[in-house]
Each structure stands twice: as structure tokens, then as C-alpha cells.
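What surrounds it, and which parts of the chain do the surrounding?

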Amino acid sequence: MTQDMQFKTIIAQYCKVKPEEMTDDMRFREDLGFSSLDFMSFLGEVEDTFDVELEEEDVLHIFTIGEALGMLETLQH
């Protein structure tokens, strides 16, 4: 499974959109229906799964799947 698909599989646990139907421009709140609690739980799972540490300041500027994937890739390099 690619990292992108693994990431989208985590997202799918919090919404009704299938990973293969997700696009990078989908917004967590507006398009996927995430609540603040969903988003925080999701971020914790991302940290555990990909062994990264997310900074609150950076996370505040993440609105779409593509932005989140970009941040993840940056943290892994």
C-alpha cells in the first residue's frame, strides 16, 4: 500500500468517503465532515502510523488532504 493510500485509509475511518474516491483538494471540514475532535484524533493516528511529530502551529494551516500529505512528506525528509 502506498503512503498516500495508507494516509487516505486513516482519513476514511473518520468520514463516509472511500480512500479511492478522495482527491487532494478535498477539505477536512467542508468536504469530509471532520469535527475538531475528529481532526485531532486523526492527527494523533498519523503521528503514530508514520512516526512523525506534528507541530500545532503547522497543523493550524492544514485544510485539504493535499496540504496534509505535503506536510507529512516534508516531515519524513
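Sort the lining of the largest cavity by class and you get eight nonpolar residues, no polar ones and no charged ones. Keep in mind that this is a predicted model. The residues in question are Phe-7, Phe-42, Leu-43, Val-46, Leu-54, Ala-68, Met-71 and Leu-72. H2 and helix H4 (65–75) each put at least two residues into that cavity lining. The space inside comes to about 30 Å³, and the count of cavities of 30 Å³ or more is one.

Now for the open side. The largest pocket holds about 370 Å³ of space. It has 18 lining residues, and the closest to the pocket centre are Phe-39, Met-40, Leu-43, Val-59 and Leu-60. Helix H2 (36–50) and helix H3 (56–59) are the elements that give two or more residues to this lining. H2 has the largest share, with six residues.

Leu-43 is worth a click in the viewer: it lines the largest cavity and is also among the residues closest to the centre of the largest pocket.

Here are the two spaces side by side:

| Space | Volume | Lining by class |
|---|---|---|
| Largest pocket | about 370 Å³ | 10 nonpolar, two polar, six charged |
| Largest cavity | about 30 Å³ | eight nonpolar, no polar, no charged |

Conventions. Residues numbered from 1 in each chain as written. Predicted model: local features only at pLDDT ≥ 70, side-chain atom pairs only at ≥ 80, totals over all residues. Heavy atoms only, no water. 1 Å grid on protein atoms, 1.4 Å probe; cavity = no way out; pocket = protein on both sides within 12 Å on 5 of 7 lines; lining within 4 Å. Points joined across faces, edges and corners; volume = space filled by probe spheres on them. Helix = DSSP H or I, 4+ residues; strand = E, 2+ residues; numbered from the N terminus. Nonpolar A, V, L, I, M, F, W, Y, C, P; charged D, E, K, R; others polar.
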